[in-house]
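Dear colleague,

Please find below the structure I am handing over to you. My notes on it follow directly after.

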Amino acid sequence: MDINAIGAQVGPDIDKIVSLQEWESARVKYLGRKGLIAQLTAEIPNLPLQERGKFGQEANVLKNKILALLEEKKRSIEIQPAKSTMGAIDISLPGIAAQPGHLHPITQTIDEICMVFNRMGFSVVEGPEIETEENNFTGLNIPLEHPSRDAFDTFYLKPQAKSSQRLLLRSHTSPVQVRTMKSRKPPLAVVVPGRVYRPDAVDASHSFMFHQIEGVMVDAGIKFSDLKGVLEVFVKAIFGQDIKMRFRPHFFPFTEPSAEADISCIICKGKGCSVCGRKGWLEILGSGMIHPNVFKYVGYDPKKYTGFAFGLGIERIAMLKYGIDDIRLFFQNDLRFLKQF
Ligand code: DAH
């Protein structure tokens, strides 16, 4: 074969290749030790002296062209699966299992707590995270100069041009008491889950954002013993029938009398350990009988109605229930943690 015939044939020849075996045969045919290019160059010594240089150059150009064509072909074969197997499905291979997600442990805890109160006749309502200063403080009998406001007083929004109301990220779910009582008449019983914001530096037990559930019940003749009974059902449903509960006198501006509720330590069963600080008791919530000033603010007659309210931190409940020692775990989206729930 002469050099021009090889040059004309090689393009279509390589074009037809569809498999690596065919590719290898073509490589041997053109570039192998006894291939067409080798045969051409073997003839060089037989040529007249003045033609040898030109012939050698042309053979070299053709060899490089074949190399380039083969190289390109090889890449295209490797990228595409061989035509014969394209579209074939091996139905005996195991499938790729979907990894369904699940509810976040905080959401699970909220749902569980709401369900317990739901069974006692409470309905679930929600309020906005951006709240007015009135609802967050003044309406709850927390006056501007009150010291208990310091721990809460934070995250104000830039004042709106025309609005005289100052807005802030709510520091507790209690403002939803005010909203609910303003929009409904007694009797009422609601629980209010949601996010709250505080100026706390983040550490193992503090977060600038966390979740609370507020509870409110108002009617003629609601007593402190009703509060106690409702909370007792709640702690037993969440922590088990053996758990004990006690009230400690406390102060909240929006309740009178006020109390904090403790449960017997779930780790040491009340004997005293490092989790309960050797006290045998764990504080879990604030509560009390709704202050007459709050009733007056929302337009209820404090002589006709009484009611109780309580508020608790969801993360704290979940941490106690599941033995979690760092609140930050809830917010880091680490699947190794989340998959355990
Ligand atoms: N709002 C309080 C807090 O964030 C918790 C609280 C205490 C809520 C007593 C109440 C209550 O409804 O009666 O610390």
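At what angle do helix 5 and helix 10 pack, and how far apart are their axes? Before the answer, please note that this is a predicted model.

**Helix packing**

Two packed helices are described by the angle between their axes and the distance between the axes. For helix 5 (residues 105–119) and helix 10 (residues 314–322), the angle is about 95° and the axes are 10 Å apart. An angle of 65 to 115 degrees counts as roughly perpendicular, and helix 5 and helix 10 are therefore roughly perpendicular to each other. On the side of helix 5, the contact is made by Ile 106, Thr 109, Ile 110, Glu 112 and Ile 113. Helix 10 contributes Ile 314, Glu 315, Ile 317, Ala 318, Lys 321 and Tyr 322. Sorted by class, the residues of this contact between helix 5 and helix 10 comprise seven nonpolar, one polar and three charged.

**The ligand and its surroundings**

The ligand is surrounded by 16 residues, of which the closest are His 172, Ser 174, Arg 198, Gln 212 and Glu 214. The shell around the ligand consists of five nonpolar, nine polar and two charged residues. At least two residues of this shell come from each of strand 5 (209–219), strand 8 (281–290) and strand 9 (306–313).

- His 172: an N or O atom in the side chain is 2.9 Å from a nitrogen atom of the ligand.
- Arg 198: an N or O atom in the side chain is 2.8 Å from an oxygen atom of the ligand.
- Phe 310: a backbone N or O atom lies 3.3 Å from an oxygen atom of the ligand.

On its own, the ligand has 360 Å² of accessible area, and the protein covers 91% of that area.

**Backbone geometry**

Most residues other than glycine have a negative phi, and most peptide bonds are trans.

The peptide bond from Pro 186 to Pro 187 is cis, its omega being near 5°. Pro 187 is located in the loop between helix 7 (175–183) and strand 4 (188–197). A cis peptide bond also runs from Glu 256 to Pro 257, with omega near -5°; Pro 257 is in strand 7 (residues 255–264). Finally, Asn 141 is not a glycine, yet has a positive phi of about 65°. Asn 141 belongs to the loop between helix 6 (133–136) and strand 3 (167–169).

With kind regards

Technical notes: Residues are numbered from 1 along each chain as its sequence is written. This is a predicted model: local features need pLDDT of at least 70, side-chain atom pairs count only at pLDDT 80 or more; totals for chains, interfaces and linings use all residues. Side-chain values use heavy atoms; hydrogens and water are left out. Axes are lines fitted to C-alpha atoms, for helices over the stretch in contact, and angles run from 0 to 180 degrees between N-to-C directions. Helices (H or I, at least four residues) and strands (E, at least two) are DSSP runs, numbered from the N terminus. Angles under 35 degrees count as roughly parallel, over 145 as roughly antiparallel, 65 to 115 as roughly perpendicular and the rest as oblique. Contact means heavy atoms within 4.5 Å. Ala, Val, Leu, Ile, Met, Phe, Trp, Tyr, Cys and Pro count as nonpolar, Asp, Glu, Lys and Arg as charged, and the others, Gly among them, as polar. A residue is near a molecule or strand if one of its heavy atoms lies within 4 Å of it. A polar contact is a pair of N or O atoms within 3.5 Å; within protein, one must be able to donate a hydrogen and the other to accept it, and residues adjacent in sequence count only if both atoms are side-chain atoms. Accessible areas come from the Shrake-Rupley method with a 1.4 Å probe; for residues, only the protein chains shown count as cover.
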